[in-house]
Amino acid sequence: MELDGLPASGALYRRALLGVVPGVGGRRGADVPGLELAVGGVSVDQRHLADYDRVCGFRLTDRLPATYLHVLGFPLSLRLMTSPGFPIPLTGVVHVANRITVHRPVEVGERVDFHTYAENLRPHERGRQLDVVLVGSIGGEEVWRGVSTYLGKERASGGARRDRGDRPAPPAASARWRVTPRVGTDYARVSGDHNPIHTSKLGARLFGFPRPIAHGMWSKARCLAALEPRLPEAYTVDVAFKLPVPLPSTVAFSASPNGAGWDFALHSARDGRPHLTGSVR
């Protein structure tokens, strides 16, 4: 389905909230929808890009950060995830992993064609998870691909339980960052993702968090910004989101070279609890 332009996120979040009302939301599908959404010629607002760079710690340049293209095309994926019969409700969904592949750098003046689809619905020990794929192309050439893995929690599921074992000691910190409550509201502004678990104490408590938490894609972007001078022209950055980053808190960032790439992580500076692990290859 080709759309005339990117949908408005606000209306889609209102649709998601209605989806949890009994008798209003409709039935959930048993599998991923056979639907692919596309939109062409998406341009970049340079002021918005500069605002995003400041919030996430990137340098101000005409080259788009890898995570910015996720933000740019996310309304299209949001439209897919709020479509009738989508198997996992958006409200309360947990973003557990994200992989971004940059085939070549994208400059601010280029227009990007996006398409998105869902695949690989599978059981998880806490429910079901699936992948939402977002692809960015320019002139018919794929230049960027993002794969977001989302978990929909359910009381009973068929997924095998993991043996967590002992938690390893966190690596030595390369840097420490103070993460203030403004991270929640500022990232909501630049990303268009106004999920109240990131911006509101009441909203966070409704979903079981004692206080707001940082958005996982902000955490990924902040780590990538710390590695920015060392990134190649083409790469894949893969992260697994572990425990949420409460707002406010202090986090410890660590990074170490691994061949031609990097391994990195984000932990609590207070007790070493893991927030994110990732790699660049």
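This is a predicted model: local features need pLDDT of at least 70, side-chain atom pairs count only at pLDDT 80 or more; totals for chains, interfaces and linings use all residues.
View 1. Strand S3 (residues 94–102) and strand S8 (residues 235–241) pair in the antiparallel sense over six bridges, where two strands count as paired if DSSP finds at least two bridges between them. Helices (H or I, at least four residues) and strands (E, at least two) are DSSP runs, numbered from the N terminus. Helix H6 packs on the sheet and touches S3, S7, S8, strand S9 (249–258), strand S10 (261–268) and strand S11 (274–280), with contact meaning heavy atoms within 4.5 Å. The direction of H6 makes about 135° with that of S8; axes are lines fitted to C-alpha atoms, for helices over the stretch in contact, and angles run from 0 to 180 degrees between N-to-C directions.

View 2. Strand S2 (residues 37–42) runs parallel to S1, joined to it by two bridges, and Leu3 stands opposite Val39 in S2. Four bridges join S2 to strand S4 (residues 112–124) in an antiparallel arrangement, and here Val39 stands opposite Phe114 in S4.

**View 3. The open sheet of eleven strands.** The strands follow the order S1-S2-S4-S5-S6-S3-S8-S11-S10-S9-S7, and their pairing is mixed. Strand S1 (2–3) and strand S7 (175–179) are the edge strands, each pairing on one side only.

**View 4. The nonpolar patch at Phe207.** Leu202, Leu206 and Phe207 make a nonpolar surface patch of about 340 Å²; patches are made of residues with over 30% relative accessible area and no salt bridge, like charges being joined within 9 Å and nonpolar side chains (Val, Leu, Ile, Met, Phe, Trp, Tyr) within 5 Å. A salt bridge is a side-chain nitrogen of Lys or Arg within 4 Å of a carboxyl oxygen of Asp or Glu. Phe207 lies in the loop between helix H5 (201–206) and helix H6 (216–227), and is partly exposed, with a relative accessible area of 36%. Buried means under 20% relative accessible area, exposed over 50%, and partly exposed in between (1.4 Å probe, protein chains only). Accessible areas come from the Shrake-Rupley method with a 1.4 Å probe, and for residues only the protein chains shown count as cover.

**Notes to all views.** Residues are numbered from 1 along each chain as its sequence is written, and side-chain values use heavy atoms, with hydrogens and water left out. Local features need pLDDT of at least 70, side-chain atom pairs count only at pLDDT 80 or more, and totals for chains, interfaces and linings use all residues.
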